[in-house]
Amino acid sequence: MAFINLKKKEVQAKIVYYGPGRGGKTTNLEFIYKKYKSRIPTDMVAIKTHGDRTLFFDFLPFDIGTIKGYSVRMQLYTVPGQVKYNATRKLVLRGVDGIVFVADSMQLRREKNVLSLKNARENLAAYKKDLTKIPLVMQYNKRDLGEQGIPLLSVETLQQDLNADLNVPFFEASALEGKNVVETLKKIISLTMASLSKDLT
Amino acid sequence: MDADRPSSNKEVDDQLEYLFAETQSADAGLDPESQPGPLRDLKAIFLAVDWEINDDIMNALLRQIDALKNTFSGDRIMMLFLQLLEAVGKYVKGKKAHAHPDAIKLLNSIYTSLEIVSLSKGMTDAERKKILRIEVNRFQRLKDKLARKKAVEKAAALPKKDAPGESPPEEIPPALRYVLQEVRKVIREEFAAFKAEFKS
Amino acid sequence: MEYTLDQKQLDEIEAILQSDFIEMGVHCVLMIDMAGNIISSLDNGEVSFDIYSLAALAAGNFGAVSAMANMVGENEFSLLFHKGQDENLHFSRVTGEFLLITIFGKETSLGFLRLKVAEAIKKFETILQSS
């Protein structure tokens, strides 16, 4: 539900980073915030628990400049990944325009990834949105952990588990090191803008 | 804001402090909640008005003012306060969302002053009148604002017929006009009597 | 869920925010959608809030409170109000999809503000229905 302000020639769209708990969604936003601080006029908003886990959402407004004569502002959100926070997770999805699914590459988290994606599908359905139709990018995060000898899922396995039907663009990433964080963001913005472009004249 | 007099009196100044601290309730001695009776009920209604303004609440306010008029029928200054309150209350009830924002402020300020005047023991009539006069002046200012606003609207509606300066009297709700006249008359009389008393 | 507002609608909304809220002494007023996007916003020139973050949090907060209302068997709570030392916040739903947020000081009566909000919502509904 992007808002296109024809008067101010401004587009506001909502991109949500989804995925299992401790998968690196907030770390994605933190990296973006650090890297583009000069273009982000405000502080990043984070509603966290004592244990530094996202309770409600993180929020980062991001000006990406002018596209087709419109000043475009992407509102980046993360959802709380923990299973018990589904009520708030669902609220954050309201009016979403594009989704980055941040999967955890650790072998241990294989099932959690699958469950989280299933949960995304259900929560979107509550808003009459379809995961197969909404702009979506897969990010296989924590690829750097392989160097430390932590067993990781292969990209093929991740693709098979998560992206076989959806067949959307994917990135191998390390949010902590910033690897492919920006590429993921660029891709989701471009897909989101493409889906909005029918409304931009 | 207030009409200063050269011989300001500390006690009155202290009362004015209360008066202008509109959101603060008065100290324990002045707290109507500790007093039984109709003033406490009036305070309760004012707290309700703070939250919500609708016909039920405004009718309750007007009924309570009536009840207080009986209680204070022998107290001229209190009667004038109550008439002021009634006039503004009726105006707000009639106008609702279209009321001038200052009318809501005035309603609260008249109430605060009424509370001070009615609960402060040992306040002289002159001090009470001084507080009353502040509210009457505010009332007058609101009246002027309403008249000006109406004149501007009229001028805008009828650009040919320009009527600057004096504002036509029918712009003030009849209830307000009547009470204002009464209040001014009584204050004039009271002050005349007070002066005469002072001279003799 | 999808909507667009044309220039005329946006102008009318802004005019109401100005005449019904800023002129009565409200510090800042925002119309947002339930996703947290800002439709229109005005302030009195004396305050400067991070309105984008405010909008995101307000939408989330409103959603959370609505969910709580449902849990206790209420359709929705009619008064959403946060009182502060100097600034107060009031939220009100406008049609199903929008939210009006007013930020005001202690010089403004909540009772009166609520009247103004109810009145303005009727006007907004007329404007929004024409889309």
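Q: Let's start with chain B. How close do the axes of helix α2 and helix α3 come, and at what angle do they cross?
A: This is a predicted model. In it, the axes of α2 (residues 38–51) and α3 (residues 55–71) of chain B come within 10 Å. They cross at roughly 160°.

Q: Roughly parallel or antiparallel, then?
A: Roughly antiparallel. Angles over 145 degrees count as that, so α2(B) and α3(B) qualify.

Q: Is that crossing left-handed or right-handed?
A: The crossing of α2(B) and α3(B) is left-handed.

Q: Which residues make the contact?
A: From α2(B), they are B:P38, B:D41, B:L42, B:I45, B:A48 and B:V49. From α3(B), they are B:I57, B:A60, B:L61, B:Q64, B:A67, B:L68 and B:T71.

Q: And by class, what has the contact of α2(B) with α3(B) got?
A: There are 10 nonpolar residues, two polar and one charged.

Q: Switching to chain C. What's its secondary structure?
A: Chain C has three helices and five strands. Along the sequence, the pattern is α-β-β-α-β-β-β-α.

Q: How does its radius of gyration fit a compact globule?
A: The two agree. For 131 residues, a compact globule would have a radius of gyration near 14 Å, and chain C has 14 Å. The C-alpha atoms of chain C fill a box of roughly 40 × 40 × 25 Å along the principal axes.

Q: How much of chain C is buried?
A: Buried residues make up 42% of its 131 residues.

Q: What about contacts between residues at least 24 apart in chain C?
A: Take the contacts between residues at least 6 apart in sequence. Of those, 54% join residues at least 24 apart.

Q: OK, chain C against chain A. How many residues does each give to the contact?
A: Chain C gives 22 residues and chain A gives 23.

Q: Which elements of chain C supply at least two residues there?
A: α1 (7–22), β2 (38–43) and α2 (51–71) of chain C each do. α2(C) gives the most, with eight residues.

Q: How do the residues on that side of chain C divide?
A: Into 11 nonpolar, seven polar and four charged.

Q: Now chain B with chain C. How many residues from each?
A: The contact takes 10 residues from chain B and 12 residues from chain C.

Q: Which elements of chain B give two or more?
A: α2 and α5 (101–119) of chain B. The largest share on the chain B side comes from α2(B), with three residues.

Q: And the classes on the chain B side, what are they?
A: Six residues are nonpolar, one is polar and three are charged.

Technical notes:
Residues are numbered from 1 along each chain as its sequence is written. Chains are lettered from A and ligands numbered from 1 in the order in which they are written. This is a predicted model: local features need pLDDT of at least 70, side-chain atom pairs count only at pLDDT 80 or more; totals for chains, interfaces and linings use all residues. Helices (H or I, at least four residues) and strands (E, at least two) are DSSP runs, numbered from the N terminus. The radius of gyration is taken over C-alpha atoms; the globule rule is 2.2 Å times the number of residues to the power 0.38. A residue is buried if 20 or more other C-beta atoms lie within 10 Å of its own, exposed if 12 or fewer, and partly exposed in between; C-beta atoms are placed from the backbone. Two residues are in contact if their C-beta atoms, placed from the backbone, lie within 7 Å. Axes are lines fitted to C-alpha atoms, for helices over the stretch in contact, and angles run from 0 to 180 degrees between N-to-C directions. Angles under 35 degrees count as roughly parallel, over 145 as roughly antiparallel, 65 to 115 as roughly perpendicular and the rest as oblique. A crossing is left-handed if the near helix is turned anticlockwise from the far one by less than a right angle, and right-handed if clockwise. Ala, Val, Leu, Ile, Met, Phe, Trp, Tyr, Cys and Pro count as nonpolar, Asp, Glu, Lys and Arg as charged, and the others, Gly among them, as polar.
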